[in-house]
Amino acid sequence: MLNFDEQLFLKLVEQEGLAFRGQIEEIVDGICKKGYSNIFLIGAGGTIAMMYPYEYILKSNSTIDVHAEIAAEFMVMNNRHFSKDSVCIFTSVSGTTQETVAAAEFCKERGATTIALVAEPDTPLTKIVDHCITTGSEKHSFDTFFMLLHMVVFRFMYNNNEFPQYDQFVKEVSLLPRAILDAVKTFDPKAEAFAKEHKDTDYHMMVGSGNLWGNTYSYAMCILEEMQWIHAKSIHAAEFFHGTLELVVEDTSVILLKGEDETRPLMDRVERFAEKITKKLTLIDTKEFKMEGISEEFRKHFSVNINWSVLSRISVHLERERNHPLTLRRYYRQMEY
């Protein structure tokens with residue numbers, strides 16, 4: 001596959017990533033033993049989008065009080081749920097994202113417990129938080145972060161006497177790297193075809209829901225807009241019929257990200273509408289992927305991982321077809337603003 005090293009992926013995500021289980025359980029168990037009032041999932045850009053699936057998972061499977069917050073807004077909003085008894089979780093590839101670092105300092109200064117997943121070692125964020133898991137590689141960091149956040153969130157639920165299936169769940173988490181690898185191999189020809197068809201498309205609607213809403217938001221903003229300079233809009237399926245539907249015409253590119261959680265009927269409704277109007281409908285459905293060894297009970301949670309990995313194949317092919325490197329920026333980290 002184009003720009004994909006299978007052995008490196010398995011080394012970073014399967015071999016090294018899964019090895020953090022013990023450290024994660026030790027951190028979470030210690031926090032639960034001490035006691036906490038709620039969990040804040042805090043990020044900026046792609047990392048707040050990464051938190052939305054876990055906010056959804058906790059809200060729909062747990063009584064734990066959870067809040068996903070954009071870092072810069074969180075620091076000025078005077079959130080009345082936040083206190084020294086809060087647990088604040090951050091992710092960052094670089095460990096230097098200005099808003100994330102500032103928010104971690106903000107939480108630490110107020111006595112909250114802070115946890116971070118960071119790719120790059122010895123960076124500002126790694127030195128601020130109480131507990132840091134450093135994966136050591138920017139490559140495939142999001143694949144690893146998603147997998148580790150499953151362990152973190154479901155361990156909190158297990159310790160809250162809400163998820164007795166935890167051990168089986170983590171056994172199935174260990175199957176994710178191979179499931180991802182199978183999915184990207186299966187999807188890659190479709191990703192290449194999409195990139196060739198849409199290399200000159202100047203606007204995309206991306207629709208998602210439930211635990212795939214974060215991926216929808218992130219891909220439209222961080223990949224299509226930031227990394228490819230393509231106009232894009234992320235739309236929640238539950239809100240699609242309250243405005244956005246009026247902009248769909250015959251040649252509108254509509255990309256539907258379908259998962260397997262309770263909100264799938266919301267996506268079905270959008271699909272039924274879109275297929276009547278546009279000739280540029282793209283459906284990316286995690287039900288089409290095997291996820292070998294993963295139970296029906298847990299597939300809905302792992303849709304996040306599978307969906308993100310296959311979307312990444314579109315990114316690689318768009319980069320080539322449009323001759324536009326994913327690292328190219330006009331403004332981000334290029335100037336003061």
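Which residues is Thr 97 in contact with, leaving aside its neighbours within four places in sequence? The legend of View 1 gives the answer, after two notes on the model.

This is a predicted model, in which local features need pLDDT of at least 70 and side-chain atom pairs count only at pLDDT 80 or more, while totals for chains, interfaces and linings use all residues. Residues are numbered from 1 along each chain as its sequence is written, and side-chain values use heavy atoms, with hydrogens and water left out.

**View 1. Thr 97 in the loop between strand 3 and helix 5 (98-109).** Helices (H or I, at least four residues) and strands (E, at least two) are DSSP runs, numbered from the N terminus. Leaving aside neighbours within four places in sequence, Thr 97 is in contact with Ala 44, Ser 92 and Arg 333; contact means heavy atoms within 4.5 Å. Thr 97 counts as buried, at 14% relative accessibility. Buried means under 20% relative accessible area, exposed over 50%, and partly exposed in between (1.4 Å probe, protein chains only). From C-alpha to C-alpha, Thr 97 and Phe 9 are 25 Å apart in space, and they are 88 residues apart in sequence.

**View 2. Strand 3 (86-92) and its two partners, strand 1 and strand 4.** Two strands pair if DSSP finds at least two bridges between them. Strand 1 (residues 38-43) pairs with strand 3 in the parallel sense over five bridges, and Asn 38 has Ser 86 in strand 3 as its bridge partner. Strand 4 (residues 113-118) also pairs with strand 3 in the parallel sense, over six bridges; here the bridge partner of Phe 90 is Ala 116. In a regular strand the side chains alternate between the two faces of the sheet.

**View 3. Phe 74 in helix 4.** Phe 74 counts as buried, at 1% relative accessibility. Not counting residues up to four places away in sequence, Phe 74 touches Phe 40, Ile 42, Glu 69, Asn 79, Phe 82, Phe 106 and Cys 107.

View 4. Most residues other than glycine have a negative phi. Asn 78 is exposed, with a relative accessible area of 54%. Asn 161 counts as exposed, at 75% relative accessibility.

**View 5. The crossing of helix 1 and helix 9.** The axes of helix 1 (residues 6-17) and helix 9 (residues 176-197) come within 10 Å and cross at roughly 150 degrees. Axes are lines fitted to C-alpha atoms, for helices over the stretch in contact, and angles run from 0 to 180 degrees between N-to-C directions. The two helices are therefore roughly antiparallel to each other; angles under 35 degrees count as roughly parallel, over 145 as roughly antiparallel, 65 to 115 as roughly perpendicular and the rest as oblique. Glu 6, Phe 9, Leu 10, Val 13 and Glu 14 in helix 1 meet Pro 177, Arg 178, Ile 180, Leu 181 and Lys 185 in helix 9.

**View 6. An open sheet of four strands in the order 7-6-8-9.** The pairing in this sheet is parallel. Strand 7 (231-236) and strand 9 (280-285) are the edge strands, each pairing on one side only. From one strand to the next, the twist averages 20 degrees. Strand 6 (residues 203-208) and strand 8 (residues 253-258) run parallel and are joined by four bridges, and His 204 stands opposite Ser 253 in strand 8. Helix 12 (residues 296-321) lies across strand 6, strand 8 and strand 9, running at about 140 degrees to strand 9.
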